[in-house]
Structure formats: C-alpha cells, structure tokens
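Please look over the structure shown here before reading my notes.

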Amino acid sequence: MPADAAIDPEMTPRRSGKRLLKAAAGVLAALALAACAAPAARVEAPTRAAAAPLALPPVKVFTTPRPQAPQRSNADIARDFLDLHFQLEGGSTLPQFTRFETPITLRVTGDPAPGFSRELNALLARLRAEAGISIRRVTGGEASITVQMVSRNEIRRALPKAACFVVPNVSSLAEYRRNRRSPRTNWALLRERDRLAVFLPNDTSPQEVRDCLHEELAQAIGPLNDLYRLPDSVFNDDNMHAVLTGFDMLILRATYAPELRTGMNRDQVAARLPAILARLNPRGAGAAAPGLPDTPRAWAAAYEQALGPQASLRERLRAANRAAEIARDLGWIDHRRALSHYTLGRMLHIREPELALQHFLTAQDFLQGLPGTGIHQAKVAVQLAAYDIATGNGASALARLKPAADAAAAHENAALLSTLLMLQAEALELEGRMVEARRVRLDSLGWARYGFGPDWVVEARLEEVAALRPSGS
C-alpha cells in the first residue's frame, strides 16, 4: 500500500532533480487546469501583441461516442440509483421518485454558442439510443425543458458559484429571478416534473458548453444528487468526467423503466430495481458486490474547501490535508483516496515540488488497476509527464502519455487530450523524433481550440508546455 505523503512531510522523495522540479513548478500551475475551460478574461503579457500568431488548424470535434459499459454489480448500481434519486447533495432526503411521465420536448432560447446545435442533437440521439428516452427538440411554443443560452456574467449574477444550472418550474432566467425564494424552485419540494429550465453559458469554450449541457440535462430528466463514491459518472462533483458515461445512461434508462412512476417512495422503487437492472444490465447480475463505502460529510466538506476560492491558500492546504487524513483513517483504497493526494499535489507543486511529486505518485498507485478510473489516471499522467519532461526524461514521459491520451479521447475530453499531446510532442523532441513531434503538436492544436476556446489561450498553453523542457535540450 502506498505511503501517506500528506501526513508525513519528511518522506524521502522517490525522484531527484530538485532544481529542475522547481523550475517546472510555475508551468505545472497551468497544467493542473488541463481539463478546465478557458479563463473568463484575457490577461496577456505586454509582448503578446508583438508575437507572430500561430496558423491554427480547424477545430476538432468528437464524432463517435465510446461509452464504457458499467463494470459494477447490479446490487451496487441499485444502491447508487436509490441514493442518486432519493437524496440531495446537502444531505436531505427526497420523499418520492420523480421523472417526466410524458414524452419530453426541449426548446432552445437565447443566443446559442457556435456548434451548440450539433452538440445538442448528438446528445439527444444518445439519450434516445442508449437510455431509451423519448425526447425531441421543438422550435416554438412551450416545452418540457427550456435550454436558455446566456452569458457567464448573467449566470453568475443569478448563482455566483455556478458555471451552469437547472431549475424546476421556470422557463427563463428572468422567471427564476422572480421566483428564486419561492417553494416552486426548491428541488426538495418537487413532486412532479413537467417544466424545467437549463441555463448554459454561450461565451466560453465549446467543451465547457458541451460539458454543462450533458450534466444539467441529465439532472433535468434524471437524478438530482451527486455522489463522490462514483468513479464512472458525471453524477459526481469531482468533475472528472466530461460527458455522460455508460453508467449514466444505464441510470437514465432505469429511471424511465415502465415499472417505475412518479410518486413512488424509496422502498417501492427498491423492490422493482433488481428486475429492472437484470433486464437492462444482465452482465451485472452475477458480479460481486463489494460496494464502496459512503462518503462522510467531513471528507466532502474538506475536499470542497480545498478547492474553494473563498478560503486562503493556508486554509485550503489545511483542508486538503484533512481530506487525505480522513481517507487514510477510513482505510479507503479507491479513487477518493487518490483524489485527496492529487489535490494536494496540485496545491504544493510550486512551494514544495518534490512533495507534490510524491502525492501524484501516490495517487497513481491507488488508481492503478481500479476499473472506471482511466480518466483519473490520465489527469495524474499530465503531472507526472510534466516532471519527466522537466528532468529530460522523454522516454518515461512517452510511456505515460500514450495510454493517457487514449483515455482522454475515449472520454471526449479535448482540453486534457490537447495538453497530453502537447506534452507528447515535447517528449518526442527530447528523444530526437522531430517529425513525429511536429505532427503530434499540430494534432494537439485542433483539440485545444475545442477544449480551451480562444486562439490566445491555445497559444498560451502551447508556450507553457514548451517551457517545461530543460534549457539546452
């Protein structure tokens, strides 16, 4: 079992090269955000205008979904289904099951982002094919779900901490503002679904718009809760997954099974789930059901404080260490234990790069062999490959980057994929493979335009990755 770097700062580092690690630490600050969208405002160095702009290739998009089938037992999935549908994130319980009981219609209002119709049509096709849900887009009149495209500033004025959100019983942001304190917009009081609104940004990267669409539409038609114990789902506040997974589609398909209906209580749904899941997921019928333990509120609160912008760095670091200690004391050996170390690594890589490296290696140790954690391992690989490149070890970086890039592509995370490919190009150059490096770097740029958005962000990311290489190499 890996050592607990989070609570033993005197641990002997596994790697040497402290000077080079510190030199790379500033670049790692940007790489840690590889799966995130572009920043809200453009902040450039004074020399930016003098730099020759890159001739960027066209934006690349994902065309063929590759969701992986759930790998857990149906007994575990039944427990997940119940906790997703009958609990809310704050810990309160819901007295009854709700879903749309008639075919779902969806309309789009506001000013849609470029490419949004393609993303929406692709998602609706997946929901029909993979989840068996009757859902279609309409162009006029009222609809079951209204997707309103607005600016990020408008969303933040409504909910300061939200990138996007969904609300019951309204059809516009103006209507939500008028009824924000009303019981009708309180999810805990929802007893039936017939009209909801999803609010998405129209002025961010294509990937962020798509990710918001997947998550918010899934919660509009399906479960309302998020569970940290789920490694393979967008119904998880760790933001590891960008698009709906095979597990998510199974949950949605079960949600609209004919055996269920709005108004059922938890026991009634639980009694019907075994037969439903046996029909929909026969491969899970005979699987073992070890079941991950529930996530205590103390760990979730510590993890969320560690990531929250409101606290000071010292408070956030203290919270991250507390999350790692709770995970250790509970004996966890799953993705949540790894996430605790990954978070610490991201927070420490500037101040204590050797200790940060320990945390990234420990996170990798916990993730290896765990089903459903390919995307988690890919994000750790970004950090480890960056250290490899900073110390001139191109071969080691390449060994990490190829499977990580495959995982990022399978999970349709273009921001992560582009960063991995940029790193791969640097590693190839370290190995003297210049032609391959140019091809891979060019490939990375098309994905970066989808994942990060504006050209200046793409160019900045490329420069950050290039700065990792030791001088003279």
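1. First, a definition. Ala, Val, Leu, Ile, Met, Phe, Trp, Tyr, Cys and Pro count as nonpolar, Asp, Glu, Lys and Arg as charged, and the others, Gly among them, as polar. On that basis, the lining of the second largest pocket has 16 nonpolar, 12 polar and 10 charged residues. Keep in mind that this is a predicted model.

2. The second largest pocket holds about 680 Å³ of space. Its lining counts 38 residues, and Arg72, Pro231, Asp232, Pro371 and Gly372 lie nearest the centre. Two elements, α2 (74-86) and α7 (246-255), each give two or more residues to this lining. The most comes from α2, with three residues.

3. How many cavities of 30 Å³ or more does a search of the whole structure find? It finds two. Among the residues lining the largest cavity are His85, Trp187 and Arg193. That lining divides into five nonpolar, three polar and one charged.

4. The second largest cavity has about 40 Å³ of space. Its lining includes Met240, His335, Tyr342 and His376. Helices α11 (335-348), α12 (353-367) and α13 (374-390) each give two or more residues. The largest share, four residues, is from α11. By class, the lining has seven nonpolar, two polar and no charged residues.

5. Now the chain. It has 17 helices and five strands. Of its 473 residues, 55% are buried. Take contacts between residues at least 6 apart in sequence: 75% join residues at least 24 apart.

Conventions:
Residues numbered from 1 in each chain as written. Predicted model: local features only at pLDDT ≥ 70, side-chain atom pairs only at ≥ 80, totals over all residues. Heavy atoms only, no water. 1 Å grid on protein atoms, 1.4 Å probe; cavity = no way out; pocket = protein on both sides within 12 Å on 5 of 7 lines; lining within 4 Å. Points joined across faces, edges and corners; volume = space filled by probe spheres on them. Buried < 20%, exposed > 50% of the residue type's maximum accessible area, 1.4 Å probe, protein only. Contact = heavy atoms within 4.5 Å.
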